[in-house]
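Student: I would like to go through the strands and the charged side-chain pairs of this entry. Please show it before we start.

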Amino acid sequence: MAHALRLARRGWISTAPNPRVGCVLVKDSRIIGEGWHAKAGGPHAEINALKDAQQRSGGAQGATAYVTLEPCCHQGRTPPCTKALIKAGVAQVIIGMQDPNSLVAGAGIEALEAAGISVQKNVLEQDCAALNPGFITRMTQGRPRVRVKLAMSLDGRTAAADGSSQWITGTQAREDVHRLRAESGAVLTGIGTALADDPSLNVRLDGAWPQPLRVVLDSKLRLPPSAKMLSLPGRTLVMTTVKAGKGWDALAVAGAELHNVPALGKHLNLHEVMRVLAQEQINDLFVECGAVLAGALVAAGLVDELLLYIAPSLIGDAGRGLLTLPGAKKLDDRVALEITDIRAVGEDWRITARPKQS
């Protein structure tokens with residue numbers, strides 16, 4: 001199973017919106033086939049492992065399959081893996097974790113057992129779940145996993161008093177952010193950041209990398225048709241409370257996709273935003289925004305992970321703060337965090353933390 005986990009990680013960037021899965025076939029204490037899911041629409045891990053076994057050993061009759069996620073039992077873009085395992089004559093299937101997708105969710109195990117195949121489940125379950133946190137969140141909560149990236153000085157400032165913020169962190173930290181964009185299905189920002197920085201929100205690394213869906217929350221539809229991101233390859237989705245009209249048409253002509261979202265108070269309903277992104281099959285949402293939107297996401301309980309890049313510099317108390325939390329007036333109102341990782345990234349530090357009550 002540990003080897004199946006390593007195989008699954010080879011599809012870390014490319015499998016979305018599908019989960020990352022690895023499979024190892026063993027017979028007579030030796031590996032006779034292995035595979036992983038490389039790309040949505042392509043063969044699943046089990047199919048690739050069975051093909052490998054056919055080439056290596058002439059088939060998988062009587063073998064044991066180790067697979068990180070319960071084999072699918074429904075017809076999607078590819079046929080059910082359960083049928084392929086049954087047809088191949090596999091004797092036993094060891095499963096890392098049950099599939100949270102309601103189309104599977106135990107039915108794959110039942111199909112295998114009904115065919116007389118012995119099934120063992122929940123082997124290295126936590127490690128297997130760590131392969132697909134976004135997929136699991138989308139399947140169980142109906143929204144993407146939300147990761148908010150913030151960059152600040154050592155004294156907690158995201159910009160100087162005059163608004164300048166490029167660049168607080170160094171080159172290696174910015175490259176790290178591009179890698180995180182690449183493993184995310186979408187990158188989201190607010191209209192304040194879009195107007196102030198005219199960001200590209202794309203992956204700019206050497207080589208061929210998937211480009212995430214770019215999402216702008218723009219309740220009053222203030223994004224100009226000349227925005228840089230609209231001229232770049234890939235999709236840009238603008239969510240707004242404004243109905244179709246002149247501004248809507250101008251952005252559509254410039255290349256934006258627009259979606260009407262109801263308001264909650266003066267701003268977009270963030271829970272509805274997440275529902276729309278789940279419909280777009282976004283597993284992992286990477287948020288790069290200002291203090292107001294970041295604070296609103298935290299207050300709404302929609303942040304699964306904070307990625308805080310800390311530069312070794314001081315900007316002073318006239319600079320802009322990290323988060324806007326209007327409801328936090330007393331120490332008891334603070335948001336408790338669990339720090340899960342601290343590491344140096346070039347000359348900067350990156351702290352990964354989870355809100356304890358998200």
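Tutor: Helices (H or I, at least four residues) and strands (E, at least two) are DSSP runs, numbered from the N terminus. This is a predicted model, in which local features need pLDDT of at least 70 and side-chain atom pairs count only at pLDDT 80 or more, while totals for chains, interfaces and linings use all residues. Residues are numbered from 1 along each chain as its sequence is written, and side-chain values use heavy atoms, with hydrogens and water left out.

Student: In which helix do Asp-176 and Arg-179 both lie?

Tutor: Asp-176 and Arg-179 are 3 residues apart, about one turn of the helix. They form a salt bridge with the closest N and O atoms 3.7 Å apart; the term requires a side-chain nitrogen of Lys or Arg within 4 Å of a carboxyl oxygen of Asp or Glu. The helix that holds both, residues 171–182, is H7.

Student: Is Asp-176 buried or exposed?

Tutor: Buried means under 20% relative accessible area, exposed over 50%, and partly exposed in between (1.4 Å probe, protein chains only). Arg-179, at 37%, counts as partly exposed. Asp-176 has 10% relative accessibility, so this residue counts as buried.

Student: How many residues apart are Glu-305 and Arg-145?

Tutor: The side chains of Glu-305 and Arg-145 meet in a salt bridge of 4.0 Å, N to O. Glu-305 is in strand E15 (residues 305–311) and Arg-145 in strand E6 (residues 145–153), so the pair links distant parts of the chain. Their separation is 160 residues.

Student: What is the relative accessible area of Lys-149?

Tutor: Lys-149 and Glu-288 meet through their side chains in a salt bridge (3.6 Å, N to O). Lys-149 lies in strand E6 and Glu-288 in strand E14 (residues 284–288), 139 residues apart. Glu-288 is buried at 10% relative accessibility. Lys-149 is buried too, and its relative accessible area is 16%.

Student: Which residue in E5 is the bridge partner of Ile-94?

Tutor: Strand E4 (residues 92–97) runs parallel to E5, and 3 bridges join them. The partner of Ile-94 in E5 is Gln-120.

Key
Pairing = 2+ DSSP bridges.
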